[in-house]
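Hello,

Here is the structure we talked about handing over. Please open it first, then read the notes below with it on screen.

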Amino acid sequence: MRGWWREIAGLVLPVACGGCGRPRTELCPSCAAALTGAGEGPRRVRPSPEPAGLPVVHAVAPYADAVRALLLAHKERGALALARPLGRALAVAVEAAAGGTEGPAAAPLLLVPVPSSRRSVRARGHDPTRRIALAAAARLRGAGRPARVVPVLRQRRYVADQAGLGARGRLANLAGALEVVPGGGRLLGPGKVVLVDDLMTTGASLAEAARALGAVHRPVIPGIPHGLPGRPAQHGFEQRQAAVIASSPASFEINRNSSGTWIVAGGER
């Protein structure tokens with residue numbers, strides 16, 4: 001019955017795939033497969049040059065072709081129905097970034113979105129990263145893994161439009177631009193924090209978000225150890241994991257060989 005209603009709605013209000021434009025579907029099977037990495041699964045990605053303080057980042061797909069079109073359709077053209085499949089893709093990256101389920105079983109995954117500027121949210125009519133993060137958290141909970149979105153980051157000063165800026169320009173533009181909202185540190189524990197965004201290009205946004213989180217103190221929660229065996233508890237919060245849906249194609253070309261050397265586009269570093 002639901003399928004018939006979609007067919008009828010498609011005749012009255014035509015829709016097209018946000019990735020390829022195929023008519024009468026919001027997301028065709030081919031573009032859905034591209035959104036999940038075409039079966040290759042989430043992988044660690046590293047931009048080159050890599051900004052200082054960048055956490056370990058996992059992504060599911062290169063930012064190209066259908067994936068690029070889908071993210072732009074959701075972010076810039078208000079195709080809000082794409083939030084659910086985009087959230088599914090982000091949830092896969094979050095699981096890869098978070099790793100196993102060590103620690104207290106009830107400790108949730110805390111998804112911290114990289115914030116958009118207020119003017120961008122007003123211009124678009126929605127906050128795309130937060131919307132996708134909410135969909136990802138719902139997907140994780142549906143799979144039995146406690147998760148919630150904790151939007152504790154905000155911009156503390158004006159940030160210029162990042163479009164057209166190179167890696168160095170983006171770092172300078174974002175340096176010191178984010179902060180944790182008052183009292184936000186109390187919301188970061190207990191649980192495993194994962195920074196989330198829809199896209200990573202130069203890594204400047206995630207590095208600045210990690211710096212801002214590192215500037216706050218996580219509270220001491222009774223019964224939840226902060227330190228590791230033989231090491232004192234950390235007073236500050238060091239962010240180590242991040243997840244995105246897509247990253248630049250070049251960032252997927254960086255792999256570790258058996259000796260532990262990082263291979264970057266055919267050369268060693």
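Strand 3 and strand 4 (residues 147-149) pair in the parallel sense, over 3 bridges. L109 has A147 as its bridge partner in strand 4.

Before going on, a word on confidence. This is a predicted model. The average pLDDT of the protein chain is 78, and 69% of the residues score at least 70. Two stretches call for care. Residues 1-13 have a pLDDT below 50, and that stretch has 3 contacts in the model beyond near neighbours in sequence. Residues 221-236 are also below 50, with 15 contacts counted in that way. Where pLDDT is low, the predicted coordinates should not be read in detail.

**More on strand 3**

Strand 3 covers residues 109-113. How many of its residues are buried? The count is 5 of 5. Both faces are covered. L109, L111 and P113 are buried on one side, and L110 and V112 are buried on the other.

Strand 3 has a pairing with strand 7 (residues 192-200) as well. That pairing is parallel and runs over 5 bridges. Here the bridge partner of L109 is K192.

**Strand 2**

Strand 2 runs over residues 56-62. It is largely enclosed by the rest of the structure, because 5 of its 7 residues are buried. Strand 1 (residues 43-45) pairs with strand 2 in the antiparallel sense, over 3 bridges. R43 is bridged to A59 of strand 2. Strand 8 (residues 241-247) pairs with strand 2 in the parallel sense, over 6 bridges. There, V56 has Q241 as its partner.

**Helix 3 and H74**

Helix 3 spans residues 65-76. Its length checks out. At 1.5 Å a residue, its 12 residues should span 16 Å, and the end C-alpha atoms are 16 Å apart, so the two agree. The buried residues of the helix are A66, V67, L70, L71, A73, H74 and K75. After the helix comes G78, with a positive phi near 70°.

Take a look at H74, which sits in this helix. Is H74 buried or exposed? Its relative accessible area is 1%; the cut-off for buried is under 20%, so H74 counts as buried. Which residues does H74 touch, leaving aside neighbours within four places in sequence? They are A79, L80, L82, A83, L86, H126, P128, R131 and I132.

**The nonpolar cores**

The largest nonpolar core has 37 residues. Those with the most contacts inside it are L90, V94, L111, V196, A243 and I245. Helix 4 (residues 83-98) gives the most to this core, with 8 residues.

Leaving aside neighbours within four places in sequence, L90 is in contact with I132, A133, A136, V196, D197, A243, V244 and I245. I132 is also among the contacts of H74. L111, listed above for the largest core, is one of the buried residues of strand 3.

Best wishes

Key
Residues numbered from 1 in each chain as written. Predicted model: local features only at pLDDT ≥ 70, side-chain atom pairs only at ≥ 80, totals over all residues. Heavy atoms only, no water. Buried < 20%, exposed > 50% of the residue type's maximum accessible area, 1.4 Å probe, protein only. Helix = DSSP H or I, 4+ residues; strand = E, 2+ residues; numbered from the N terminus. Pairing = 2+ DSSP bridges. pLDDT = per-residue confidence, 0-100. Contact = heavy atoms within 4.5 Å. Core = buried A, V, L, I, M, F, W, Y, C linked by side-chain atoms within 4.5 Å. Expected span 1.5 Å × (residues − 1).
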